[in-house]
Amino acid sequence: MKKYKLFLFVLIQLLGLIVLSCKDLSSAESERDLGVFESRNVAKIVRPPDVSKANVKNIRKITALVTSPAPLFGQVAEDLLAIKLRDMGFDVVERTKVSEATIKELNKFEKQAEKPEEKQQEEILDVIKIGKKLGLDAVLIGTLFDGRCQLNFSKEKPPRVVEKIAVSTFHLQIIDVLTGKAILSIILEYDMGESITNSIAAMTKIIKEEIKD
């Protein structure tokens with residue numbers, strides 16, 4: 001359990017580093033309306049200038065890792081995303097396989113006492129290196145932020161409403177395992193919140209348009 005928590009911590013740190021590195025790129029950015037006219041719901045798509053669709057056509061074997069301040073919310077989104085990606089023809093490796101590979105590396109390097117501890121952790125907990133060992137083409141790293149939306153179930157005055165958890169922002173980056181660089185960043189923003197199902201459908205639709213088509 002301790003090793004798994006350490007893996008998750010480093011994964012979040014890696015996401016932060018990737019986000020910072022992308023800010024330095026002179027990237028091509030586009031914005032799309034998600035089709036809900038009552039509110040400002042948009043998808044922002046950022047592709048580095050040195051990446052074309054031809055560069056990503058060969059992506060087949062991937063893993064999807066989604067984190068969220070609400071862990072269960074993130075897990076549900078990750079599972080739905082994996083299902084959708086498989087339906088699109090991707091070979092999706094489960095998170096547990098990534099964790100298992102990390103633990104194996106941990107056991108391997110723990111025996112090499114002559115190496116500094118910091119160097120060991122750097123080698124062990126590098127998701128990109130683990131991706132290479134698993135033969136992945138890309139790693140999808142997502143962050144899901146939850147919000148609350150109100151549902152009105154009656155015509156009473158004042159109306160009786162029920163709050164439910166909804167997606168407020170969904171940020172996903174596709175990292176090329178070979179180069180370790182982000183080849184695509186997608187941000188979905190919902191003014192009034194959206195269901196996990198609809199936000200995953202919107203995300204995978206964009207991935208299909210940007211990579212598969």
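Guide: This is a predicted model. The lining of its largest cavity divides into four nonpolar, two polar and four charged residues.

Visitor: Which residues are these?

Guide: The largest cavity is lined by T63, A64, Q75, E78, D79, A82, V92, V93, E94 and R95. β3 (61–67), α3 (71–87) and β4 (91–93) are the elements that give two or more residues to this lining. The largest share, four residues, comes from α3.

Visitor: What makes this a cavity and not a pocket?

Guide: A cavity holds points where a 1.4 Å probe fits but cannot get out, whereas a pocket is an open set.

Visitor: Why is β3 called largely enclosed?

Guide: Buried means under 20% relative accessible area. Six of the seven residues of β3 are buried, so β3 is largely enclosed by the rest of the structure.

Visitor: How do you know that β3 and β4 pair?

Guide: Pairing requires at least two bridges between the strands. β3 and β4 have three bridges, in the parallel sense, so they count as a pair. In one of the bridges, K61 has D91 in β4 as its partner.

Visitor: What is the hand of the crossover between these strands?

Guide: The chain crosses from β3 through α3 to β4, and this β-α-β crossover is right-handed. With the strands pointing away from the viewer, the path from the first strand over the helix to the second therefore runs clockwise.

Methods: Residues are numbered from 1 along each chain as its sequence is written. This is a predicted model: local features need pLDDT of at least 70, side-chain atom pairs count only at pLDDT 80 or more; totals for chains, interfaces and linings use all residues. Side-chain values use heavy atoms; hydrogens and water are left out. On a 1 Å grid over the protein atoms alone, a cavity is a set of points where a 1.4 Å probe fits but cannot get out, and a pocket is an open set with protein on both sides within 12 Å along at least five of seven lines; lining residues have an atom within 4 Å of a point. Ala, Val, Leu, Ile, Met, Phe, Trp, Tyr, Cys and Pro count as nonpolar, Asp, Glu, Lys and Arg as charged, and the others, Gly among them, as polar. Buried means under 20% relative accessible area, exposed over 50%, partly exposed in between (1.4 Å probe, protein chains only).
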